[in-house]
Amino acid sequence: MKYPDNILEVGTLLPDYMGFIFWEKSARYFDGTLPTLPQSIKKIGVFVNANKEEIEAQVLKHDLQAVQLHGQESVAFCHELKNTLANTTEIIKVFSVDDTFDFNQLEPFETVCDYFLFDTKGKLPGGNGTTFDWKVLEQYPSQKPFFLSGGIGLDEIDLVKQILKTDLPIIAIDVNSKFEIEAGLKNKEELDRFKQKINF
Ligand SMILES: O=C(O)c1ccccc1N[C@@H]1O[C@H](COP(=O)(O)O)[C@@H](O)[C@H]1O
């Protein structure tokens with residue numbers, strides 16, 4: 001999300017989370033002032049290999065309830081960040097998935113983040129607009145709840161409904177570029193349709 005009026009408009013749909021990209025190279029880069037959203041919506045800051053001070057500054061400035069680490073952040077970094085943010089901010093660690101993804105790499109992150117997020121491996125760190133083959137998630141070895149992400153749009157409604165019927169601990173369906181009129185500007189009507197259809 002990027003534009004205040006659009007943020008407020010989408011806020012009326014009461015998503016559980018709303019994300020703001022703090023990676024300067026993104027067309028969705030957010031450097032404005034956040035309007036006041038309903039309290040139930042947790043604001044996520046999305047970062048790519050940012051340093052601790054930068055993350056902490058944005059958390060304080062925008063009163064973020066969660067940070068999404070969308071780069072190659074290490075276990076030690078997540079651990080340090082968790083202590084710095086005094087456990088009051090959720091830490092979501094992103095993994096870029098393809099058919100060869102090794103789920104063993106998750107284990108050391110178990111104790112240093114609150115959620116995993118699985119996005120599709122692509123040219124960009126995120127926002128590639130492509131899905132990965134969710135069949136690989138049959139190998140998911142953990143109980144930790146995760147966000148399902150990567151190129152999810154209206155065409156994926158049936159697949160989303162199917163995967164939500166499995167035992168996988170999916171806590172959120174994360175949508176982005178497939179619901180855009182232009183980068184950062186979301187189509188509220190389409191988001192509403194998606195939300196009603198998946199009824200999550
Ligand atoms: O959207 C971006 O520009 C972006 C840039 C850098 C890191 C993450 C980014 N977006 C996140 O990527 C996933 C998947 O998005 P999409 O559905 O494939 O467009 C999502 O979490 C976005 O917040």
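Predicted model: local features only at pLDDT ≥ 70, side-chain atom pairs only at ≥ 80, totals over all residues.
Reader: How many residues line the largest pocket, and which lie nearest its centre?
Author: The lining has 47 residues. Nearest the centre are Tyr-17, Ile-173, Asp-174, Val-175 and Asn-176.

Reader: Which helices or strands supply at least two residues of that lining?
Author: Strands S1 (17–21), S2 (42–47) and S7 (170–173) each do, and so does helix H5.

Reader: And how do the lining residues divide by class?
Author: There are 25 nonpolar, 14 polar and eight charged residues in the lining of the largest pocket.

Reader: What volume does the second largest pocket have?
Author: About 320 Å³. Its lining has 20 residues, and the closest to its centre are Gly-71, Gln-72, Val-94, Phe-95 and Ser-96.

Reader: What's the class breakdown for the lining of the second largest pocket?
Author: Seven nonpolar, eight polar and five charged.

Reader: Switching to helices. At what angle do H4 and H5 pack?
Author: About 35 degrees, with the axes 10 Å apart. H4 covers residues 157–164 and H5 covers residues 188–198.

Reader: Is the crossing of H4 and H5 right-handed or left-handed?
Author: Right-handed.

Reader: Which residues meet there?
Author: From H4, Ile-157, Val-160 and Lys-161. From H5, Phe-194, Lys-197 and Ile-198. By class, this contact of H4 with H5 has four nonpolar residues, two charged ones and no polar ones.

Reader: Now H2 and H3. What angle and what axis distance?
Author: H2 and H3 (residues 75–84) pack at about 35 degrees, and their axes are 11 Å apart. The crossing of H2 and H3 is right-handed.

Reader: Which residues make the contact?
Author: H2 brings Lys-52, Ile-55 and Glu-56. H3 brings Phe-77, Glu-80, Leu-81 and Thr-84. That contact of H2 with H3 has three nonpolar, one polar and three charged residues.

Reader: Ile-55, Phe-77 and Leu-81 are in that contact. What is Leu-69 in contact with, leaving aside neighbours within four places in sequence?
Author: With Ile-55, Phe-77 and Leu-81, among others. The list also has Phe-47, Cys-78, Ile-91, Ile-92, Lys-93 and Val-94. Leu-69 itself is found in strand S3.

Reader: Why does Leu-69 count as buried?
Author: Because its relative accessibility is 0%, and buried means under 20%.

Reader: How far is Leu-69 from Glu-189?
Author: Their C-alpha atoms are separated by 29 Å. Along the chain they are 120 residues apart.

Reader: Next, Ile-41. Where does Ile-41 lie, and is it buried or exposed?
Author: Ile-41 lies in the loop between S1 and S2. Ile-41 is buried, with a relative accessible area of 1%.

Reader: What's around it? Leave out neighbours within four places in sequence.
Author: Ile-41 is in contact with Gly-11, Leu-14, Pro-15, Asp-16, Tyr-17, Met-18 and Gln-65. Ile-41 and Pro-15 are 6.2 Å apart, C-alpha to C-alpha, though 26 residues apart in sequence.

Reader: And Lys-42? Where is its place, and what does it contact?
Author: Lys-42 is in strand S2. With neighbours within four places in sequence left aside, its contacts are Asp-16, Tyr-17, Met-18, Gln-65 and Glu-90.

Reader: Last topic, backbone. What is phi at Asn-49?
Author: Near 50 degrees, a positive value in a residue other than glycine. Most residues other than glycine have a negative phi. Asn-49 is found in the loop between S2 and H2 (52–62). At 43% relative accessibility, Asn-49 counts as partly exposed.

Reader: And what about phi at Asp-63?
Author: Asp-63 has a positive phi too, about 50 degrees, and is not a glycine. Asp-63 lies in the loop between H2 and S3 (66–69). Its relative accessible area is 48%, so Asp-63 is partly exposed.

How values were computed:
Residues numbered from 1 in each chain as written. Heavy atoms only, no water. Axes fitted to C-alpha atoms, helices over the stretch in contact; angles between N-to-C directions. Helix = DSSP H or I, 4+ residues; strand = E, 2+ residues; numbered from the N terminus. Left-handed = near helix turned anticlockwise from the far one by under 90°. Contact = heavy atoms within 4.5 Å. Nonpolar A, V, L, I, M, F, W, Y, C, P; charged D, E, K, R; others polar. 1 Å grid on protein atoms, 1.4 Å probe; cavity = no way out; pocket = protein on both sides within 12 Å on 5 of 7 lines; lining within 4 Å. Points joined across faces, edges and corners; volume = space filled by probe spheres on them. Buried < 20%, exposed > 50% of the residue type's maximum accessible area, 1.4 Å probe, protein only.
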